[in-house]
Amino acid sequence: MHIRALLAFSAVVTAASAGFVWDDHPWQRPTPEDRRSPCPLLNSLANHGFLARDGRDISIDDIVNGIEEAVNLSPNSSRPVAELAATASTTGNPKTLNLDDLNTHGVIEHDASLSREDTYFGDNHSFNPKIYHSFSKFFTEPVISIETAAAARSSRISCARAANPDFEFGADQDRVSRLETALYLAVFGKGTEGNARTKWVDVLFREERLPYREGFRRPAEAISNDDIVELADKIAAAS
Ligand code: HEM
């Protein structure tokens, strides 16, 4: 190939492959020493290095900035949750936490999780394929509508209520649970209309990975707290 054509070709190749977020944030499986939480998104951020990969000594600012950088959720939505999370800190510094501090039942962690077992049965934080299947079997279409997400969540609550003699799910837990459904719909869907890509949500839960390979990109427009609240209200209305 002529040298000029070769240079032009390599410039095109470089432009095409440069700047993808997974170049800077490659996914790596956590080691057994790394700390992880019951939250599939925070775990994914640690697996990509948006948060410390070892899951230790993570500050409130780290969480807020990591979430904004990775999925463009606005700090006014994430900061209050990160501050609440830090109340479970065991690091000795009230402004930092280890991801597994979030396993503490009753801070954010609650019964009737979509992919985790209830505290009563022991492990309230590891991905549980059986529970996840009972929830995700509702996702029979390429996208998850608000109605489908609401039905899947309600079914999970009914099953957990029937199985767990210590089941606790009052207004506070219901609100947090609705917000979690709103979050995955907002990050992997379209604005406040829902319709999250089923495959992307599945990758998040099963692999704790951001689904870049499957086409996910950081939303161009920031997801606001109002968006999340609107979605959570729509989920309540559809439940
Ligand atoms: C400050 C930021 C955040 C904190 C401290 C946090 C913490 C948590 C915690 C402790 C849980 C466990 C609740 C349970 O018992 O089920 C959870 C669940 C969840 N979180 Fe996060 N989270 C944050 C942000 C996000 C974001 C931005 C997303 C976006 C996709 C997200 C998605 C989820 C989902 C889908 C669940 C439900 C998991 C399940 O029920 O199996 N979280 N989060």
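Residues are numbered from 1 along each chain as its sequence is written, and side-chain values use heavy atoms, with hydrogens and water left out. Because the model is predicted, local features need pLDDT of at least 70 and side-chain atom pairs count only at pLDDT 80 or more, whereas totals for chains, interfaces and linings use all residues.

The protein comprises domain 1 (33-109) and domain 2 (127-239), with bounds taken from an automatic or database domain assignment. Their C-alpha centres are 19 Å apart. The contact (heavy atoms within 4.5 Å) involves 19 residues from domain 1 and 22 residues from domain 2. Between them the two domains bury about 1,500 Å², of which 56% lies on carbon and sulfur atoms; buried area is the accessible area (1.4 Å probe) that two parts lose on being put together, summed over both. P40, V71 and N72 contribute 33% of the area that domain 1 buries against domain 2, more than any other three residues.

Across this interface, zero salt bridges were found, a salt bridge being a side-chain nitrogen of Lys or Arg within 4 Å of a carboxyl oxygen of Asp or Glu. By contrast, 13 residue pairs, both members at pLDDT 80 or more, are in polar contact across the interface of domain 1 and domain 2. A polar contact is a pair of N or O atoms within 3.5 Å; within protein, one must be able to donate a hydrogen and the other to accept it, and residues adjacent in sequence count only if both atoms are side-chain atoms. On the side of domain 1 that touches domain 2, α3 (40-47), α4 (60-71) and α5 (75-86) each supply at least two residues; helices are DSSP runs (H or I, at least four residues) and strands likewise (E, at least two), numbered from the N terminus. The largest share, six residues, comes from α3.

An oxygen atom of the ligand lies 2.6 Å from a side-chain N or O atom of S113, and for E109 the corresponding distance is 3.1 Å. L114 places a backbone N or O atom 2.6 Å from an oxygen atom of the ligand.

The whole structure contains nine salt bridges. In one of them, R35 pairs with D100, with the closest N and O atoms 3.3 Å apart. R35 lies in the loop between α2 (21-24) and α3, and D100 in the loop between β2 (96-97) and α6 (129-136), so the pair ties together parts that are 65 residues apart in sequence.
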